[in-house]
Amino acid sequence: MDNTPCGARRPWLIAAAAFACAALLHMPALALDAPKGPVVLSITGALTHTNDNGAASFDMALLATLPQHSFSTKTPWFPQPHKFTGVLVRDLLDAVGGSKAGTARAVALNDYRADMPTDELIKNDAMIAYLFDDRPMPVREKGPLVIIFPFNDRPELRTAVHYSRAVWQLKGLELR
Amino acid sequence: MNAADVHAGSGAQPRRVWLFAVIGVLVLVVLAVAYVQWRQYKLLDTAAHFQNDALGWSFSQLETEQLRLHNEMQRFVTDPQHADADKVQLRYDIFVSRVGLVDHERAAEVMRGQVAYQPAMAQVHAFIQQADAVLGPKPAQALSVAALLPLMTTLQALNLPLHDLSLGASHLLYERATERNAAVRLQSQLGVGLTVFQVVLLLVLAFIVLRQLRTLTQRRLSLEALADSLSAARHGAEAANRAKSAFLANMSHEIRTPFHGMLGMMSLLQDSRLSPKQAVYLDTARESAHHLLAILNDILDISQLESGKLQVASQVMDLMQLLNQVDALMRAQAMDKGLLLRIDVAPDVPRWVRADPTRVRQILFNLLSNALKFTHAGEIVLAVRHGADGRLDFKVTDTGIGMDDATQARLFQRFMQGDERPSRRAAGTGLGLQISRDLARLMGGDITARSELGKGSVFTVSLPLASAGPPAQSADDADDAGAGTARPLRVLVAEDHAVNRAYLEAVLEKLGHRGVFVGDGHGAVLAVQSQPPDEPFDIVLMDLHMPDMDGFTAARTIRAMPAPHGRVPIVALTADAFQTSRELAREAGMEGFVTKPAHLPQLRDALLRYGRGATMMAPEEPPAAAAASTASPTSLLDMATVGDVMQTLTQPKYAKLLGRFFEQRQETVAALRQAVSEASHADLRSRAHSLKGASASLGLRAVSALAQQLQVSAPEPRSADHARLLDRLEEVFELSRVECQSAGLLDGFTPPEALAPA
């Protein structure tokens, strides 16, 4: 207990640590850190927390601050199931204050675009993955980001519509 | 019924086979439809999952990326100073990433028909190998115009193959889509066909079920109809049986009355001077007549037992006295045959028991008579003992011929006789044992028989006779009272016929009672009502058929009065022997029932039994023998009754009654004629009934018989028949009068107006 940052012996220290903890937890929600490395994802449109000229831009390090998730699923593009790791769209939208947006337009490097309702993305546990079988994805392997759904766990998602929403080489989300 | 069953049975088998066949086919169809649906689902699922449709898009994307990469390289080559190496790198990476989407096993499988696919892919890979030296993950050479120019040439060469592949994939996919659509259409058609077939089968099934239901309903209806007709037939049979019983009771009554006359006449004849031969003939005739009478009584009993109308009374009776009577009667017969008759009563057998003395005596007589009949030497013992369950066992043991087993088995059957030889047949009706057993069972007991051929028989009557205390006044006193009761009774007589009234007056006088006489039901009601409550009538003798108000209504009206008037004992008087009349009388509240002609013994019994303050029990007395005072060898008169009445009333009184009756004959007939001419059926019937009762009381048999005919035919609207009957009545009246006169029955009667016949 003693080695936890929130635990301390003196009352004023407890109060200060509690404040610090709360502040830490709320920091990303209140204001996004500016990206330091190359921007891999840029969120624009109806959002409240920005860090880059009215947009929320993420580098890999910034994405890694969000809660991490991973699952394995079969996809139409590979004969074998593969493991995907990344952040949930739900957490990402919370982070940028864009949960209230109705539609998210995903844009890929090759200018592929797909519109999808945000509530469905949230409900279906859609994930923005940056690790493919625990390895980063270069562009020539359809990276660096991909929107992926848990097709294995949810048979109802195995439709052309949802496959079309699994966008490879994702570079941006436009919230409306 | 049987034919219907056979028909239904042969029809049910194929129908059931049909039913099972239809159900079987239905199940197969449902399975087939399920299979088709499953196939369809798999087809769609596979198509969606493997994104086959997307292959065309992927090829065109690859083509686009190839062009975009070429453009970017072109820009770099044309203006190297402002060129962006990263952009070329990005476009190259995207191009490479698109190759993976069209170059894999499934794509190869889909594109197997396309000859250009494999070479084009090889060409693309050759380009990538070449370009990776400059733009790959580990470039061996820096990006420069010189390095790009050969690459651009190779990339340019990819234009045509990629475009062809894109078009080919599109066409291929159109074909696949068309194929799939065709498959889906076929399956849909199959589904529709199966569904239609299913509907047809369902209709067939429904039809079969409906037919089955209709058959069931029809069968139920026919069963109901059968039950109805059976029930109607049963009611008809019961009604017929009741009619038969009534007819039998009536007939035996009608036969018995003249029969007694015949017996009386024969007694008279025996007293006259006869040649020995004639005496033998007469004995035989008398014996036959007695036998006939016994048969008649048996038949009457049987008919009453069968219709369930015979009722067993339960009264306190002196068992010892009954056994003494039986002994006295049977001892003479036994002695005639040289047999010993012994009656052995255990000391603990009670003297006073509750039972119906007449019926107990009847059973014992029957068993003892049988024993006497079939025993030729030795003795007959009637032993009375306490049996099981508080019953009394009357065991009749004889040393007679006995019975074999077969005979015993048939013993209690109707018309069964132990000895089937024709010469024996005259000895009994064969009804006696059946009647005895039925009576015993009616009393809650039974009769059993045990016998051995040649060694004798034992018949045991077991009856539940409860012991009782002696009645308040002992039977000896009643016997001492002789012709009357201890004290004179106040008797109200309701009787519409003057002669009957006069007759009853004479009888009551002889018995020492005081009579009050009224002519109809109204009179009876008024007379009862007007009595002071402390001095009510002791008994009412009520004729059932009277004009104005009949006996039933009068009895009911009296019963509705408060005590003591409403409690006065009422005894019905009627010429009917019908059991129904008896029951109706009881329902109307009358205690007793005396059949006309009411002779002195019956009336005395009735008064003793039912009169208020009289003894409980009527002393039993054998029916009075036919009087032997006068002789009249004609069927116009009932000499038994004549003798009886004369004995009761003395000859002068009878002569007076008879004389007055004949005096009124013209008025009587005139009144009847008037009723006929006015078509007043009720009046005719009532007058005829009244005449019947009066003439029967006086022993005028022929007159009574004609009056009965008139009464019966009264409701029929054929006045011609009535007129004929009335003519005959007048004639018989006159004949009877002459007969009575010549027999000396009218001796001592002087008409008040001395009207001598002209």
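User: Where does A:Asp111 lie in chain A?
Analyst: This is a predicted model, in which local features need pLDDT of at least 70 and side-chain atom pairs count only at pLDDT 80 or more, while totals for chains, interfaces and linings use all residues. Residues are numbered from 1 along each chain as its sequence is written, and chains are lettered from A and ligands numbered from 1 in the order in which they are written. Helices (H or I, at least four residues) and strands (E, at least two) are DSSP runs, numbered from the N terminus. With those labels, A:Asp111 lies in the loop between strand S5 (103-108) and strand S6 (113-117) of chain A.

User: What is the phi of A:Asp111?
Analyst: Most residues other than glycine have a negative phi. A:Asp111 is not a glycine, yet its phi is positive, at about 65°.

User: Is A:Asp111 buried or exposed?
Analyst: A residue is buried if 20 or more other C-beta atoms, placed from the backbone, lie within 10 Å of its own, exposed if 12 or fewer, and partly exposed in between. A:Asp111 has 11 C-beta neighbours inside 10 Å, so it counts as exposed.

User: Chain B has a positive phi too, at B:Asp389. How many C-beta neighbours does B:Asp389 have inside 10 Å?
Analyst: Phi of B:Asp389 is near 55°, and the residue lies in the loop between strand S4 (379-386) and strand S5 (392-398) of chain B. B:Asp389 counts as exposed because its C-beta neighbours inside 10 Å number 7.

User: Which two residues does a cis peptide bond join in chain A?
Analyst: The loop to look at runs between strand S8 (135-136) and strand S9 (146-148) of chain A, where A:Pro144 lies. Omega is about 0° for the cis bond, and the residues it joins are A:Gly143 and A:Pro144.

User: How far is B:Ala524 from B:Ala554, C-alpha to C-alpha?
Analyst: B:Ala524 sits in helix H15 (residues 521-529) of chain B, and it is buried because 31 other C-beta atoms lie within 10 Å. Leaving out residues up to four places away in sequence, it touches B:Leu492, B:Ala494, B:Val518, B:Val540, B:Met542 and B:Ala554. B:Ala524 and B:Ala554 are 30 residues apart in sequence, and their C-alpha separation in space is 7.0 Å.

User: Which helix gives the largest share of the side of chain B that touches chain A?
Analyst: The contact takes 13 residues from chain B and 15 residues from chain A. On the chain B side, helix H1 (2-49), H2 and helix H3 (85-102) each supply at least two residues. The largest share, 6 residues, comes from H3(B).

User: Are helices H9 (residues 319-336) and H10 (residues 357-374) of chain B roughly parallel or antiparallel?
Analyst: Axes are lines fitted to C-alpha atoms, for helices over the stretch in contact, and angles run from 0 to 180 degrees between N-to-C directions. Angles under 35 degrees count as roughly parallel, over 145 as roughly antiparallel, 65 to 115 as roughly perpendicular and the rest as oblique. H9(B) and H10(B) pack at about 25°, with their axes 11 Å apart. The pair is therefore roughly parallel.

User: At what angle do helices H14 (residues 498-511) and H20 (residues 651-663) of chain B pack?
Analyst: H14(B) and H20(B) have axes 10 Å apart, and they pack at an angle of about 170°. That makes H14(B) roughly antiparallel to H20(B). B:Val499, B:Ala502, B:Tyr503 and B:Ala506 of H14(B) meet B:Lys653, B:Leu657, B:Arg660 and B:Phe661 of H20(B). To close on the value you asked for, the angle is about 170°.

User: What share of the 758 residues of chain B counts as buried?
Analyst: Chain B comes to 24 helices and 12 strands. Among its contacts between residues at least 6 apart in sequence, 72% join residues at least 24 apart. The buried share of chain B is 32%.

User: And what share of the 176 residues of chain A counts as buried?
Analyst: Chain A has 5 helices and 10 strands. Its buried share is 34%.

Technical notes:
Two residues are in contact if their C-beta atoms, placed from the backbone, lie within 7 Å.
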